[in-house]
Amino acid sequence: MSLQPRHILIVEDEQAIADTLIYALRTEGFTTTHCLLGQEGLAQAVAGGVDLMILDIGLPDLSGFEVCRELRRTSELPVLFLTARGDEIDRIVGLEIGADDYVVKPFSPREVAVRVRRILRRLAPGESVQPVAQGGPFEVDPQQCSIRYFGSVLALTRYEYALLATLVGAPGRVFSRAQLMQRVWTHPEHSLERTVDTHIKTLRAKLRAVRPDLDPICTHRGLGYALEMPT
């Protein structure tokens with residue numbers, strides 16, 4: 001029996017751009033749904049049945065950033081941003097609020113389709129992070145993409161999970177920001193080192209919520225980050 005095609009939600013208010021994306025994605029074997037407004041796209045994403053969202057930032061009702069922030073309250077649905085802006089600050093904001101990739105207009109629809117396939121392949125169960133052994137107070141379940149810390153399940157985003165699993169898998173090893181981006185992020189060449197720092201900050205806060213007396217993630221100035229296994 002053949003696998004069901006992956007369903008891509010396109011939230012784009014320019015019909016001509018949406019039409020080229022729909023054609024390119026369907027040529028690659030995807031099914032698509034198109035929404036003109038952010039609120040409509042958010043409702044479609046929350047309703048389920050979507051594998052990835054292609055989201056324009058410059059929408060007429062809600063900005064793509066607002067849609068993504070709201071979506072991240074309840075969902076880890078992969079998001080690829082489309083934008084006419086190329087400023088670094090927009091890339092930083094998009095990646096830090098949970099985008100998986102970022103494409104600046106004008107772009108090749110074929111390239112977008114390739115990036116979509118790459119995101120979905122990388123985030124498939126068991127592919128984004130290699131299984132790691134239990135270490136000290138950490139229990140990593142790669143099948144469920146969950147981590148327990150001193151017996152408490154941490155509420156992690158997928159990037160936080162992948163980042164912490166990488167550190168737990170090699171306690172004491174210092175990973176540079178570039179190495180962490182390469183191992184964890186879907187499209188590392190378009191990510192920024194500040195993105196790693198932001199996720200480390202949120203991870204530390206979640207670990208402190210369980211054990212305020214411990215800070216197992218160590219910063220090695222000028223080098224990167226390592227996990228010192230607490231006892």
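Which residues in α6 are buried? In this predicted model, the list takes in Arg158, Tyr159, Glu160, Tyr161, Ala162, Leu163, Leu164, Ala165, Thr166, Leu167 and Val168. That makes 11 of the 11 residues of the helix, so α6 is largely enclosed by the rest of the structure. The protein chain contains eight helices and 10 strands, and 47% of its 231 residues are buried. Among contacts with a separation of 6 or more, 61% are between residues 24 or more positions apart.

The largest nonpolar core has 26 residues, and Phe138, Ile147, Leu164 and Ile217 are the ones with the most contacts inside it. At least two residues of this core come from each of β6 (138–141), β7 (146–149), α6 (158–168), α7 (177–184), α8 (193–210) and β10 (224–227). The largest share, eight residues, is supplied by α6. A separate core of 20 residues lies apart from this one and includes Val11, Leu55, Phe65 and Ile97.

Helix α6 also packs against α7, at an angle of about 120° and with the axes 10 Å apart. The two helices are therefore oblique to each other, and their crossing is right-handed. On the α6 side the meeting residues are Tyr159, Ala162, Leu163, Thr166 and Leu167, while α7 brings Leu180, Arg183 and Val184.

Beyond its neighbours within four places in sequence, Phe138 is in contact with Ile147, Arg148, Tyr149, Leu164, Val168, Leu207, Pro216, Leu227, Met229 and Pro230. Strand β6 runs antiparallel to β7, to which it is joined by four bridges. Within this pair, Ser146 of β7 stands opposite Asp141. The hairpin formed by β6 and β7 has four residues between its strands, and Cys145 there adopts a positive phi near 55°.

Elsewhere in the chain, five strands form an open sheet in the order β2-β1-β3-β4-β5, with parallel pairing. Its edges are β2 (31–35) and β5 (101–104); each has a single partner strand, so one side of each is left without a neighbour in the sheet. Direction ignored, neighbouring strands of the sheet are turned by 20° against each other on average. Strand β4 (residues 79–83) runs parallel to β5 and is joined to it by four bridges, with Leu80 having Asp101 of β5 as its bridge partner. Helix α3 (residues 64–71) packs on the sheet, where it touches β3 (52–56) and β4, and its direction makes about 150° with that of β3.

Thr83 has a relative accessible area of 1%, which is under the 20% limit, and so counts as buried. Between Thr83 and Gly58, 25 residues apart in sequence, the C-alpha to C-alpha distance is 6.7 Å.

Gly38, Leu42, Ala45 and Val46 of α2 make the contact with Val67, Glu70 and Leu71 of α3.

Finally, the loop between α2 (38–47) and β3 holds Gly49. Is Gly49 buried or exposed? Its relative accessibility is 61%, and Gly49 therefore counts as exposed. The C-alpha atom of Gly49 is separated by 7.1 Å from that of His7, although the two residues are 42 residues apart along the chain.

Key: Residues numbered from 1 in each chain as written. Predicted model: local features only at pLDDT ≥ 70, side-chain atom pairs only at ≥ 80, totals over all residues. Heavy atoms only, no water. Core = buried A, V, L, I, M, F, W, Y, C linked by side-chain atoms within 4.5 Å. Buried < 20%, exposed > 50% of the residue type's maximum accessible area, 1.4 Å probe, protein only. Contact = heavy atoms within 4.5 Å. Pairing = 2+ DSSP bridges. Axes fitted to C-alpha atoms, helices over the stretch in contact; angles between N-to-C directions. Parallel < 35°, antiparallel > 145°, perpendicular 65-115°, else oblique. Left-handed = near helix turned anticlockwise from the far one by under 90°.
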